[in-house]
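Here is a walk through two chains and the contact they share. Keep the 3D view open while reading.

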Amino acid sequence: MFINNDVTKATTMQERHVVQPHEAGHPIILSTEDLHVFYGKKEALFEGDLQFGSNQITALIGPSGSGKSTYLRSLNRMNDRIATVTGKIMYRGVDINQPGIDVYEMRRRVGMVFQRPNPFAKSIYDNIAFALRLRGTTDKYALDEVVETSLKQAALWDQVKDDLNKSALALSGGQAQRLCIARAIAVKPDILLLDEPASALDPVSTSQLEDTLLDLKQHYTIIIVTHNMQQAARISEYTAFFNQGRVLEYDTTSQIFTNPQVQVTSDYVSGNFG
Amino acid sequence: MNSKRQNKIAIGALYGIAGLVVLILLALLGYILASGVPQLSWHFLTAPAKAFLKGGGVGVQLFNSFYLLILAMAISFPIALGAAIYLYEYARDNWVTTTIRTAIEILSSLPSVVVGLFGFLFFVVKLRLGFSILSGAFALTFFNLPLLTRSIEDSLRTINLEQREGGLALGLSRWETVTRVILPAAVPSILTGVILSAGRVFGEAAALIYTAGQSAPALNFADWNPFNISSPLNPMRPAETLAVHIWKINSEGIMPDAKAISSGSSAVLIIAILLFNFTARYVGKRLYKRLTSA
Amino acid sequence: MKTKTTQQLEQQLKRHSKAAKLEIWGRTVSLTALLLIVAVVVAIIGFVASKGIATFTSNHVNLWDFLTGKSWNPNITDANGKPEVGALPMIVGSFLITILSAIVATPFAIGTAVFMNEISPNKGAKILQPVTELLVGIPSVVYGFIGLSVVVPTTRAIFGGSGFGILSGTCVLFVMILPTVTSMSADALKSVPRYYREASLALGATQWQTIYKVVLRAATPGLMTAVVFGMARAFGEALAVQMVIGNAALMPNSLVSPSSTLTSVLTTGIGNTVMGSLQNNALWSLALVLLLMSLVFNLIIRLIGRKGRLQ
């Protein structure tokens with residue numbers, strides 16, 4: 001089957017189109033060079049050379065199985081036990097994918113929030129104070145303050161301030177996901193990775209979550225994997241389009257959605273497949 | 001309409017079988033309780049046994065059973081917990097792990113008399129611990145380890161992968177995630193498993209007759225110094241448990257009221273195990289509720 | 001050229017954190033616990049095997065004579081000056097009692113499991129399941145005691161003789177393994193997907209046809225595992241059997257004459273012999289047979305499991 005709607009346009013389309021944010025003069029906080037991911041012998045990510053501007057939101061989009069989540073999870077080495085990741089992940093000039101790196105220290109700077117809200121079976125307060133206590137913060141006032149600011153940043157404070165000692169498992173899906181964001185930012189990371197954080201949420205919670213992310217941008221660099229193209233368009237500065245384990249297009253979000261340079265991207269963002 | 005008739009007959013037969021099985025099982029429970037409960041009295045539960053005369057109690061045996069249970073649990077729980085954590089949280093899916101799993105499965109399928117004989121050979125004879133609480137506790141530990149390990153591993157399995165990732169993403173090590181996030185969440189189910197396995201250990205006899213021994217020297221319940229020979233806490237004294245007592249008096253039969261004592265002891269065993277079961281269910285549910293409720 | 005802040009950051013990121021130290025510690029501790037269990041298994045098998053083969057290596061008993069000899073009397077030497085250590089009576093006793101109890105228990109157990117799962121799940125969950133689960137935990141000495149006070153007198157009244165023997169042993173083991181086999185069978189049936197049943201019923205099959213032709217077929221590996229598991233338990237049970245079998249090391253010539261099993265001879269004998277003597281070594285050889293049989297049961301369960309997965 002041959003689609004011949006606009007032959008001239010198709011020929012001007014490119015195979016691959018990447019514009020990194022530093023070309024627009026934006027400071028770079030994280031970048032990957034020649035990143036490959038293998039599950040056993042099977043290669044899941046062939047190439048992922050991306051740069052991320054600091055205090056920006058970057059969206060990773062693409063069909064299921066395109067490698068976007070694999071890429072994201074490699075950034076703070078959550079794939080360590082599952083997959084082999086080769087290449088460099090440069091965080092503020094340091095390759096965090098090299099052997100001597102302490103992954104635990106690194107993950108405190110590169111935090112992550114997951115697809116399904118995963119609050120611990122503890123109180124709301126303890127969920128947030130937990131990681132700090134483990135690292136030696138015992139001062140009650142300091143903890144109280146972190147809990148409050150984290151919850152405020154995650155826009156959850158007003159809803160739970162009177163119930164801090166209640167079990168976090170009793171929260172609704174949207175609230176639980178905010179709690180997970182609050183928990184992640186309580187350790188004061190630099191970068192926040194979000195793996196389809198809104199896919200388990202209803203539309204209202206989703207829109208609240210997006211507002212929260214836009215606020216968080218002042219303090220954190222955010223990289224978000226999403227299935228929802230409107231979401232990517234609404235909140236991100238840059239968007240990377242993944243397909244079949246490759247980054248096919250990377251550019252400013254407005255470019256990707258209004259003037260894609262790669263045919264597959266164009267098909268995807270216009271809803272022709274995926 | 002042949003198949004319809006066949007269906008009716010078959011289902012009727014199944015009702016019959018199920019009814020019969022319930023009848024047998026209830027008769028069993030009923031018999032133990034009906035013949036045993038009338039024997040129970042404060043005297044029976046606390047007095048020492050008498051070898052040739054009527055009217056002895058099972059006080060010492062009852063104490064021994066609990067003491068051995070606690071010791072065996074205290075030894076086996078940390079080992080089983082560690083092993084389960086390694087197996088579920090660390091071990092990779094390769095032939096070494098498979099071999100280790102097989103070894104644990106073999107241990108769980110060994111007849112308890114074989115475990116007891118090994119305990120006799122190793123602890124009683126080789127290490128010269130003699131017939132003692134300590135030898136018995138080790139034998140019970142071996143008997144208990146594989147099942148407890150599996151039950152804890154199953155408990156760990158009930159906690160989502162997401163919980164582990166949540167811990168790791170905060171910069172916690174796997175070990176911290178397991179001990180601070182996963183274990184607390186798994187406590188209700190682990191505890192249920194521990195109590196159920198306690199029931200099994202409590203009623204075990206074959207592993208004990210040649211390790212903890214078949215005699216119950218009188219104890220001085222005022223002396224709690226574990227180094228004194230008549231102290232209940234002395235781990236080097238021989239200690240016949242309730243289950244061993246039932247076997248012993250029935251195979252030797254020199255006690256005039258052996259049957260009454262056995263009935264009473266059986267009832268005590270069954271009631272204890274019923275209690276273990278109910279506590280396990282109750283505690284598990286209660287803790288789970290407390291963990292998840294607002 | 002790295003800037004100073006980059007170098008600082010690299011240093012911070014390469015520092016061996018508390019988490020990393022805890023990780024090594026935790027890994028080591030938990031691995032030690034696991035290896036301890038493995039060591040126990042190896043030690044048990046090693047010790048019992050080394051004691052068990054002493055009969056053949058240091059006492060020079062012929063293995064074949066041991067396995068097929070019909071007379072067990074380690075204190076006496078026969079006409080050729082060889083000790084009488086024929087274990088066949090016990091081996092036959094153990095197998096007989098195991099197979100018979102499994103044959104009786106299987107239809108009851110599977111029937112009950114089918115009832116619990118297919119016909120009346122409501123009553124099953126409310127009455128049968130808790131009752132069977134409770135009974136799985138009843139100590140074997142209690143089964144032995146009931147056997148002694150109920151089954152043996154009944155057998156005596158019906159068949160005469162002492163009442164001790166294979167029949168009484170079978171009855172006791174039947175009741176003892178029934179809850180275990182039932183609850184494992186129920187689990188096997190539970191794992192058959194619901195749509196199997198729905199598809200069959202939708203084709204116009206009766207409930208019994210569905211159970212017999214679809215559900216039981218699909219659950220066969222699981223049901224077999226349950227039965228073999230019950231057999232392994234019966235084969236290894238010591239005290240309950242020892243209490244009702246009569247403990248005469250003779251070839252069983254009827255179901256109601258006193259006989260013995262591997263476990264019963266071990267239970268009564270090991271305390272009455274001197275370590276290292278032939279009498280004692282011969283008993284350890286019986287223990288070895290017991291151990292090997294439990295390995296065989298284990299293997300069978302594994303093979304069934306593997307076959308079940310392949311289907």
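Two residues are in contact if their C-beta atoms, placed from the backbone, lie within 7 Å. The model is predicted.

In α8(B), R174(B), W175(B) and E176(B) meet α2(C) at A19(C), L22(C), E23(C), G26(C) and R27(C). By class, this helix contact has 3 nonpolar, 1 polar and 4 charged residues. Two packed helices are described by the angle between their axes and the distance between the axes. For α8(B) and α2(C), which covers residues 18-52 of chain C, the angle is about 75° and the axes lie 7 Å apart. Angles of 65 to 115 degrees count as roughly perpendicular, so α8(B) is roughly perpendicular to α2(C).

Now widen the view to the whole contact between chains B and C. Chain B contributes 71 residues and chain C contributes 67 residues. On the chain B side, the elements that each supply at least two residues include α1 (2-36), α8 (174-203) and α10 (258-292). The most comes from α1(B), with 17 residues.

Next, chain B itself. Its secondary structure amounts to 10 helices and 0 strands. The C-alpha trace spans about 70 × 70 × 45 Å along its principal axes. Chain B has 294 residues, and 50% of them count as buried. Consider the contacts in chain B between residues at least 6 apart in sequence. Of these, 74% join residues at least 24 apart.

Turn to chain C. Its domain assignment gives domain 1 (15-52) and domain 2 (88-310). Taken over C-alpha atoms, the centres of these two domains of chain C are 34 Å apart. Their contact draws 5 residues from domain 1 and 6 residues from domain 2. The domain 1 side of that contact divides into 3 nonpolar, 1 polar and 1 charged.

One helix of chain C deserves a look. Where does α7(C) bend? The bend is at G147(C), by about 40°, in a helix that covers residues 140-159. G147(C) is also one of the buried residues of α7(C). Others among them are F145(C), I146(C) and L148(C), along with V151(C), V152(C) and T155(C). Just after α7(C) comes G160(C), with a positive phi of about 75°.

Notes
Residues are numbered from 1 along each chain as its sequence is written. Chains are lettered from A and ligands numbered from 1 in the order in which they are written. This is a predicted model: local features need pLDDT of at least 70, side-chain atom pairs count only at pLDDT 80 or more; totals for chains, interfaces and linings use all residues. Helices (H or I, at least four residues) and strands (E, at least two) are DSSP runs, numbered from the N terminus. The bend at a residue is the angle between axes fitted to the seven residues ending there and the seven starting there. A residue is buried if 20 or more other C-beta atoms lie within 10 Å of its own, exposed if 12 or fewer, and partly exposed in between; C-beta atoms are placed from the backbone. Axes are lines fitted to C-alpha atoms, for helices over the stretch in contact, and angles run from 0 to 180 degrees between N-to-C directions. Angles under 35 degrees count as roughly parallel, over 145 as roughly antiparallel, 65 to 115 as roughly perpendicular and the rest as oblique. Ala, Val, Leu, Ile, Met, Phe, Trp, Tyr, Cys and Pro count as nonpolar, Asp, Glu, Lys and Arg as charged, and the others, Gly among them, as polar. Domain bounds come from an automatic or database domain assignment.
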